[in-house]
Amino acid sequence: MGAPLVLLLVLFLVYPVGQLLLLSVYGDNGFTLAPYRQLFASSVYLDVLLITLKISLATTLVCVVAGYPIAYLISVVGKERKATLLFWVLLSFWTSFLVRAFAWIVLLGRNGVINKLLISLGIISSPASLLYNFGSVLVGMVNALLPLAVLTMLSVMENIDRTLPRAAATLGARPGMAFWKIYFPLSLPGVTAAGIMVFVTAIGFFIVPALLGGRRETMITQLIIDQVQQTMNWGFAGAISVLLLVVVLVVFAAYDRLLGLSTMTGASAPRNAAPSRLSGPFTKAGDALLTLLGAISDRIILLLPSRRRDRNPDQAGMGLQAFVWTMLLIISAPTILMIPLSFGTGGLNWPPQGFTLHWYETVLNSPVWTQAMLRSLLVGIGTGLLAMLIGTPAAFLLVRSDIRGKAAWLAFILSPIVVPRMIIAVGLFYVFAQMGLVGSAVGLVLGHTVVAVPYVVMTMMAVLRNYDTRLDHAAQSLGAGPIATLRYVTFPILGAGMMSSFLFAFATSFDELTIALFATGGLNATLPKQFWDEVTLQVSPAIAAVSTCLFVFMGLLIFVAERLRRRAAAR
Amino acid sequence: MVSSSLRIHELCKRYGDFVALAPTSLDVAKGEFLTLLGPSGSGKTTMLSLIAGLAHPDEGRILIDDTDVTHSPAYARDIGVVFQNYALFPHMTIEDNIAFPLKMRKVADAEARRRTAEALETVHLPHVAKRYPRELSGGQQQRIALARCIVYRPAIILMDEPLGALDKKLRDQMQLEIKRIHRELGTTIVYVTHDQEEAMTMSDRICLMNAGAIEQLGTPQDLYFRPRSVFVADFLGESNLLSAIVRRVDGEGLDIVLTEQAAASRAVGNGSRFAAGEPIKVMVRPQNLVVAEAGGGQLSGRITDVMISGSLTRLYIAPETVGLPQLVAAHPTRSGSAPYEIGQRLSLGWHAADAVAIHDGGI
């Protein structure tokens, strides 16, 4: 059942990436190390690597620290407020990276909201240049990856038993101590998983540094794009890819040594294994640190007015709520501010002036845009279907049967997430060129399926783990054959899970730029590619109109997906 | 050993319009084992959370040894809680779990180690110190939860359905264990359960709750033999309830007329005041319903079902008098006695001392 998936990954992941890596040591004149000599000849490329690591590390830190309180609040509030909070996180998560980055260009521009606000408050007298520096890149990166950090941590926090901190309180632990000694260690797997997901994604980013950064914020993936698009230097692109891949693999290896990779796939690591890996003085030091943090927190709480201290333990603090809503506002507001600008006659300057549908007409009357929309829808649906068709049987196989080397298979299936997208994209471009698939919808669907299928497998595995197989046995004992069992019992119950993994694959493809960047162009372009071409050329209100359309479309999609999920849960 | 008294005065908790606990007062003596018994939603867990400081009351006061702790946070109350799901910390070894409350109280390391070992001895599990909670069975986890609670010698221990997740045999064993520990330590214990048998076997006193208020408070014998309401009679053990009207009250005894069969009879009061002419219920416990061959007795009926549950044989009987509910009689199972047959006709009777009058609240 897993054969189609293995075939897909071998043909469109292993082979292309292998080709690319091979190109770095095998030129027209046989074996060569020339690309590597070029790479280390000057400090230029190493500097880019350092900058990449610096930006990624800073992004990771901010995302984890700011995301923790958000995930915490979502995990403790009541059902209805949870749905509201989650909606805003999901909306941001699903809004295209491009749309969000573009929104920040407008927001931070010379005539953008922030400059206008600062001037009207009298803090500055003339517009400050807020764009194209480390700060603007960091803001954009955090905006892009904060939702991912929140959702990753949330999945762990939701499984923490709420009575444990309460038990700690009855045993004499003050709130600070109960948090740092009990809740925090239990949430740590979520924190590290979020950290590595954000870090690895950040390393492979190029949209944000390209749109919001200056020359000094060039990241390593941008070098690869340059090599392929401008100089067609495959060997050198391959060498940079190897460098990038090595960095990512080192990070993963370190993570695995420390915590075990299995914590990432949802199956929690054996509890007794974790401490033994971090045994000895390390644990002692960590324990002492947590005790210290607890004691300090409790001192601080004691300084608060006593009325605040004695508040109902069931209620989240006002400070926490204010922080979370501020963060959600910061990550959602830029995109929402696009909406009035897209209807304005005053260009992208704040405040918006007048009302016009001109920009929407421009977009709809332009064949490049309409073609791109159609193309994206088509490729998205194709990807969703293909990923489901290939991923679901593999998930069944991994959950239901006892194949040997399950962990290795899982690692292989998840490898499209681990390998930086840029490397896959360049490799596919090279292979597609040989096969004549460049610019074709088929090539795009195949490429997108490679990167979407791990999400389908993970979602379906989670769904299947929660599925009670006794229902199948019951159906069979009642006289249903294997096909009838699937049709009348298994699929109807798994329907919601399948729908959500289809939507996940669709959305992944719909927002995919890296593969589309090389494999499409002109009238073949997908929506993100067309967006990218336009936005790197000029920043126009027409793009604000497209952003608004995309934003509304994604909002509707989440709303529908959520309704489906709830209906399934209510059954 | 340390032990404290607990006084609850007009304690009240509402969630929106829902009254989880109506204003309630309750005194628990030093060293007493008191059980809060009641169906789910009766307010017993709310009461426990309020005492522990895990929820805040809307009104009323809580005093421990005459000190007002109503507004003290949970960590400052010196109360131990054994949670329903044990709430052992999964990331700590058993040893660290038990030592946790001692650490929070800044007990010196050597002393903490000694007391942890001692607590493990008390629950007969000294060999599991280095393990993690999920490596233990449910019964063992239960004992560790108990050890973690007694190790810091809290003045009062609260237990929230601590045996709910265990199977019957283990539950019986743990009941004895908890009783033993209570005897040895002399701690005041407030115990929550919905299992009336558990409440009867373990408690000094039972506080039966219903719909957010106390229905009756007393010794197990009080509640069982002198229920104040039909609800109590029904909740604790099986009971046969017959309608009657009071004719005359003389001291503890009452002359009554059984309504359905219009027969004069005698009953004893349940401690409350009755007035002549008042409609009441008369409760006869199954083991006090005397069964004989047809003829004589106060009632007659036919057997509809026979159930032998080990030591007891239960007979379900449909009375011949119209309007009477199905009755149940129970007596020790004897081997070799003539078997009962379904449809067999019997006479039923009882001693006046076993017929208890209860105000008719109507159910």
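Biologist: What makes 39% of the 363 residues of chain B count as buried?
Modeller: That share of chain B passes the cut-off: buried means 20 or more other C-beta atoms within 10 Å of a residue's own, exposed means 12 or fewer, and partly exposed lies in between, with C-beta atoms placed from the backbone. This is a predicted model, where local features need pLDDT of at least 70 and side-chain atom pairs count only at pLDDT 80 or more, while totals for chains, interfaces and linings use all residues. Residues are numbered from 1 along each chain as its sequence is written, and chains are lettered from A and ligands numbered from 1 in the order in which they are written.

Biologist: How many helices and strands are there in chain B?
Modeller: Chain B has eight helices and 20 strands, taken as DSSP runs numbered from the N terminus (helices H or I, at least four residues; strands E, at least two). Its C-alpha trace spans about 75 × 50 × 35 Å along the principal axes.

Biologist: What makes strand 1 and strand 2 of chain B a pair?
Modeller: Pairing takes at least two DSSP bridges between two strands, and strand 1 (residues 6–15) and strand 2 of chain B are joined by seven, in the antiparallel sense. The open sheet of four strands in chain B runs in the order 2-1-4-5.

Biologist: Why are strand 2 (18–28) and strand 5 (67–68) of chain B called edge strands?
Modeller: Each of the two pairs on one side only.

Biologist: Why are helix 1 and helix 18 of chain A called oblique to each other?
Modeller: Helix 1 (residues 3–23) and helix 18 (residues 367–400) of chain A pack at about 120°, with axes 8 Å apart. Angles under 35 degrees are roughly parallel, over 145 roughly antiparallel, 65 to 115 roughly perpendicular and the rest oblique, so these two helices are oblique. Axes are lines fitted to C-alpha atoms over the stretch in contact, with angles from 0 to 180 degrees between N-to-C directions.

Biologist: Which residues of helix 1 of chain A meet helix 18 of chain A?
Modeller: A:Pro4, A:Leu5 and A:Leu8 meet A:Ile390, A:Gly391 and A:Ala394; contact means C-beta atoms, placed from the backbone, within 7 Å.

Biologist: Which residues have the most contacts inside the largest nonpolar core?
Modeller: Among them are A:Phe102 and A:Ile424, in a core of 145 residues. Such a core joins buried Ala, Val, Leu, Ile, Met, Phe, Trp, Tyr and Cys residues through C-beta atoms within 7 Å.

Terms used
Two residues are in contact if their C-beta atoms, placed from the backbone, lie within 7 Å.
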